[in-house]
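This briefing describes selected local features of the structure shown below. It is arranged by topic for reading alongside the coordinates.

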Amino acid sequence: MTIQIIDGLGEIAERYGLFVIDQWGVLHDGVTAHPGAVDAMENLRRQADRTGAGIALLSNSGKRVEASYERLEALGIGRHLYDLIVTSGEEVHRGLSQRGRDDAEDPFYGALGPRFYGFWWDDDRGILEGCNVEEVTDVGKADFILCSGTDKGELDAYRPVLERALERGLPMTCANPDRVSVQPDGTLKMCPGAVAEAYEVMGGRVRWHGKPQPEVYTRIREHFGSDARGIGIGDSLQHDIKGAEESGLDGLFIAGGIHRDDLDRPLVPDQVKRLAEARGVAPTFAAESFRW
C-alpha cells in the first residue's frame, strides 16, 4: 500500500467526477469552519461547474439534513457549494417513517413496535417528525432503542439501560455511528456509535446507518445517476475511509481530525501507512487538512 501525501485537494481534483465529503472534522469543528475549508469548497464548486462533477456532503450526524443546512450556512458554507447532503439521522427518519408497514423498504423498521426509549444530544426531536412513534421514559415499556446522542456522558452511564434492553431483547437503531468526534478544543467526545457498539458486544441487535454502511453511498450514486470515478474525503479511517473504500471510491484521509494525536508532523508516509493498516484500510491520499 502506497499513500500519497498531498498539500491540498487541488492537486488531484481533476481526476474525479464525484466527491463525497465529511462535515465534522473536515469542514468544521461544530463552531467554526476549518481554515481553508470554505476556499476549498469554492474552488471545488467552480471546477465541478466546469466538469459536471457531483459534490455530496455525507455526515454521520444523528440529525436531519435541515440541521446541517443551517449549521453550514452559519459557518459560511452555502448550499450553492454542494449538490446534496446525506445524514445518518435522515436515514433513520426514512426508516422510522415506514415503521410497522408490511411494504417497508427496510424489514428492520417494518417489524418495529411504536414505543421507543431514546438517547439524545439535546431537545431536538426533528428525526421523529411525521413518524408514528411514542417516546417512553421507562425502557421496560419500550419496543426499541433509538440511539441518537450521548448526553449522559461516559459509557458506564448507559449500561443499566442497555442491560435491561438486552434482557427484553430490544433492537436498537443507531442514528450516529461515530465512536468519537473532535471538539473545538481538540479533545475527543464519545458519540452514539460507542454506545451502540457496546450494546452489540453485549449481544444486542443494532441497525447501523451512515458511514461505512454501503446504503448511503448507493443513495448518493443514485442521486447523481453516475458511475464516475469518485473520492471520499474524511478524518475517520474507521468510517470515512473504510466506507469510501468498500463502496469503490478512492480515499483522501484528513489527518488533522480525530487521528491528529496519532501522527507526527509533518506527515510521514510510512507512519500514515502503519496507522491505516492498523485500522484495516488503505487510503489513496492523505493531507493534514481540507484545503485546496
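Asn176 is buried, at a relative accessible area of 5%; buried means under 20% relative accessible area, exposed over 50% and partly exposed in between, with a 1.4 Å probe and protein chains only. The model is predicted, so local features need pLDDT of at least 70 and side-chain atom pairs count only at pLDDT 80 or more, while totals for chains, interfaces and linings use all residues. Residues are numbered from 1 along each chain as its sequence is written, and side-chain values use heavy atoms, with hydrogens and water left out.

- Asn176 is placed in the loop between β8 and β9; helices (H or I, at least four residues) and strands (E, at least two) are DSSP runs, numbered from the N terminus.
- The side chain of Asn176 reaches the backbone nitrogen of Asp178 at 2.9 Å.
- Apart from neighbours within four places in sequence, Asn176 is in contact (heavy atoms within 4.5 Å) with Asn60, Ser61, Gly62, Ser88, Trp121, Cys147, Pro192 and Gly193.
- Asn176 and Asp156 are 20 residues apart along the chain, and their C-alpha atoms are separated by 19 Å.

**Charged residues in loops**

- Arg179 lies in the loop between β8 (172-174) and β9 (180-182), and it counts as buried because its relative accessibility is 18%.
- A polar contact of 3.3 Å links the side chains of Arg179 and Glu197; the term denotes a pair of N or O atoms within 3.5 Å, where within protein one must be able to donate a hydrogen and the other to accept it, and residues adjacent in sequence count only if both atoms are side-chain atoms.
- Beyond its neighbours within four places in sequence, Arg179 is in contact with Lys189, Met190, Cys191, Gly193, Ala194, Glu197, Trp208, Gln238 and His239.
- Asp22 occupies the loop between β2 (18-21) and α1 (37-51), and its relative accessibility of 6% is why it counts as buried.
- The side chain of Asp22 makes a polar contact of 2.8 Å with the side chain of Lys211.
- With neighbours within four places in sequence left aside, the contacts of Asp22 are Leu27, Leu58, Ser59, Lys211, Ile233, Gly234, Asp235 and Asp240.
- Arg79 is located in the loop between α2 (65-74) and β4 (84-87), and it counts as partly exposed because its relative accessibility is 44%.
- Not counting residues up to four places away in sequence, Arg79 touches Glu66, Tyr69 and Glu73.

**Cis peptide bonds**

- Most peptide bonds are trans.
- Lys211 and Pro212 are joined by a cis peptide bond, with omega about 10°; Pro212 is in the loop between β11 (206-208) and α7 (214-224).
- Arg265 and Pro266 are also joined by a cis peptide bond, with omega about -5°; Pro266 is in the loop between β13 (250-254) and α9 (269-278).

**Packing of α5 and α6**

- Two packed helices are described by the angle between their axes and the distance between the axes.
- Helix α5 (residues 159-167) packs with helix α6 (residues 192-202) at an angle of about 40°, and their axes are 10 Å apart; axes are lines fitted to C-alpha atoms, for helices over the stretch in contact, and angles run from 0 to 180 degrees between N-to-C directions.
- The two helices, α5 and α6, are therefore oblique to each other; angles under 35 degrees count as roughly parallel, over 145 as roughly antiparallel, 65 to 115 as roughly perpendicular and the rest as oblique.
- On the α5 side the contact is made by Arg159, Leu162, Glu163, Ala165 and Leu166, and on the α6 side by Val195, Ala198, Tyr199 and Met202.

- Leu112 sits in the loop between α4 (107-110) and β5 (115-119), and it counts as buried because its relative accessibility is 7%.
- Trp292 lies in the segment after β14 (285-287), and it counts as partly exposed because its relative accessibility is 28%.
- The C-alpha atoms of Trp292 and Glu11 are separated by 7.8 Å, although the two residues are 281 residues apart along the chain.
- Residues touched by Trp292, not counting those up to four places away in sequence, include Gly8, Leu9, Gly10, Glu11 and Ala13.
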